[in-house]
Amino acid sequence: MSRFFNSLRDGVGFDLILVGAALLFLLALAGLPLVYNVLMSFQQVDMFTLGTLIRPWAGFSNYVAVVQQPEFWLVTKNTLIFVFASMGGQFILGFALAIFFAQKFPGASTIRGLFLVSWVMPGLVVGAIWSWILAGDFGVLNTVLKAVGLIDGTVFWKSDPAFSIWAVVIANIWLGLAFNMLLLSVGLAAIPRDLYEAAELDGANAFQRFWTITLPMMRSTIGAVLSLGLIGTLQQFDLFPAITEGGPANTSTVAGYWSWQMSFQLYDFAKGATISVMMFLLVLFASIIYVRSTRHEVRG
Amino acid sequence: MKLKHLGLLAGVAIGAMSMAAPAMAQVTLKIWSIDGNDRVGIADTFSKEFDEANEDIVVEYRIVPFDDLVNETLRAFATGNAPDIVSFDNPDFALFSSRGAMLDITDRIAASEVIKAENYFEGPLNSVTWDGKYFGIPKYTDTIGIFYNKDLFAKAGITEPPKTWAEFAEYAEKLTDPANNVYGATFSARAGEEGTFQFLPIIQEAGGNYDNVNVDGAVEVLDLWKKIVDNGWASKDVLSLGQWDSTGTFNSGNAAMAISGPWEIDRMVSDAKFDWGVALLPTITDGGTRSSALGGFDWGIMSTTKHPDEAFRALEYFAAQDHRIFEEFGNIPARSDIELPVTGIALKDEALKVFQEQLQFAQPRGPHPEWQKISKAIYDAMQQALTGQISAKDALDQAQATIKGIVG
């Protein structure tokens, strides 16, 4: 018996308690809502039975119904465009900026700090500002593009089905840029300088140094940034109501916004839950990549 | 000595009164509405007055933001904490009345001295009616018409506002002046309730309704709207602009005609630096069926209330104040027996006269418990057609199929 208590104080039991507490915490805060959500996607949910747990069983009919919605494939396409274009833009621009500000020049770290402004701004505010910038008739972006000579007529970023999703992508890239830059800057700073010096002595040019030292050393950081980026863009909500409201004709609706629309605009909570379960599978995929990327971390 | 005595007496009297108050059974009424958030509104003012005028009733008034109102009330109803009285936007009302969440007050209205069903405009009254019974009373109403810039009309040599949608398109072309950044027309074809609000009247003019949307006339007008947008007689941004923003371009002189409602008038009086007027919505053929959208809120008593008598007394009090809501809050009463007072601002008085006439043609959206889904089918179709993804006919056919699945 005393051995049992001893092990609780220092030993396997102590570890188990720590892990168990964390697990309980996770289950209560993340697990239960998740289970509830999955459960709801298999039930017939009505706005007046929202408060109860026992509801008629619907089987897979909610899933079938969601896939049969006329806008399903459009939303899938939009979600893929939104997620990958946003991630790509955020990552490439963020990496470029991180490398740029890793160079030594006066004010480098101050200016890098200023980029954080975009990160602390609430999404709705960013959305409202971009909504004005992207406006068709009196928008700043069109005025600038016209002045530079890139376009002749007016581009209706928010109202043209060919551009509407890109309008949100542009705003989202701006919003996520600072976060990407920051994480990647930290990763860059962690690479030992002497590696570069040795490579330079061996005659490696800038590109070779980037390809053979920076990228491999940054592997885990990049994995983390990309998977956090995927989760972040899938979560992105504020920009949609602020800029396009999913329109015109659903051409800028993505899964997250659609799920919200189903639940809180159309009061079809079961379909809303179904869509979010489908999204969850995507996030699960991202989490696996994230976990794997940290497992392969280069040590020492 | 005498004074002291008096003071003592007064003290006893006050003490007795404060003792007596709890002895009278006090009833607490919970009233929810969106009013009173940024400025004084109908519900908060009248609730307070009703509270003060009735010793036996305590009113707990709560402001619920517009976007949360339906969700919040649904949740409160599901958990048994529903308010006694609530006011909803009129298309949301059927969601509750059709599911037994609102109290049937048909008999009470029949017996009431104050509330008389025949005093209300037909449209607003329909929105509180379900299955032939009354579940509430209209709070106020509004509708849409066409604002037109008389100066620009004169410049283009047009004397009368458009009577038909074909004329509307024709005038829009004539009035468009890209050199001066002037569009012929502006409206709201947004992906939301406002889009449905502006397009549904056309379906109704064509002889259709929310459950019969693919009527020929509606297809024709949708094609006309597409032509107007495609040719740049209206900004492509009508697809994302709400009514308030869309009319903003009219006020600044950048659009010659705007479809919107009386809530714009006060701002227009102060912002618009030109002569303007309001006309009834055009019809499909000259002298054809008129229709218009119906906006505004309704009052209702929730079926879970423990004090239906007191709650109905509150509704009677609110209805008795209807003559004040235009002067004090700028809303139009939903009643035909109330004359709007003259404001002395000529443009405003003229405009209100037209809107009052238009109200007689205003139709509520629905009523249907799944209105939001029906509405989405309609604005989706409108947007698909306007952006040229599919033809107007196909878009409305598709909406019809979706709506049929909802309505059954």
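## A parallel strand pair and its surroundings

In this predicted model, strand β1 (residues 27–33) of chain B runs parallel to strand β3 (residues 85–89) of chain B, and two bridges join the pair. Within this pairing, B:I31 has B:I85 in β3(B) as its bridge partner.

Both strands belong to an open sheet of five strands in chain B, which follow one another in the order β2-β1-β3-β13-β6 with mixed pairing. At the edges stand β2 (57–63) and β6 (136–138) of chain B, each of which pairs on one side only. On average, and with direction ignored, neighbouring strands of the sheet are turned by 20° against each other.

| Helix | Strands touched or crossed | Angle |
|---|---|---|
| α4 (residues 90–97) of chain B | β3, β6 and β13 (297–301) of chain B | about 130° with β3(B) |

Elsewhere in chain B, the loop between β11 (276–279) and β12 (292–295) holds B:G288. This glycine, B:G288, counts as partly exposed because its relative accessible area is 22%, whereas buried would require a value under 20%. The C-alpha atom of B:G288 is separated by 8.7 Å from that of B:A206, although the two residues are 82 residues apart along the chain.

Chain A exposes about 16,300 Å², of which carbon and sulfur atoms supply 72%.

How values were computed
Residues numbered from 1 in each chain as written. Chains lettered and ligands numbered in written order. Predicted model: local features only at pLDDT ≥ 70, side-chain atom pairs only at ≥ 80, totals over all residues. Heavy atoms only, no water. Areas by Shrake-Rupley, 256 points an atom, 1.4 Å probe, with all protein chains shown as cover. Helix = DSSP H or I, 4+ residues; strand = E, 2+ residues; numbered from the N terminus. Buried < 20%, exposed > 50% of the residue type's maximum accessible area, 1.4 Å probe, protein only. Pairing = 2+ DSSP bridges. Axes fitted to C-alpha atoms, helices over the stretch in contact; angles between N-to-C directions. Contact = heavy atoms within 4.5 Å.
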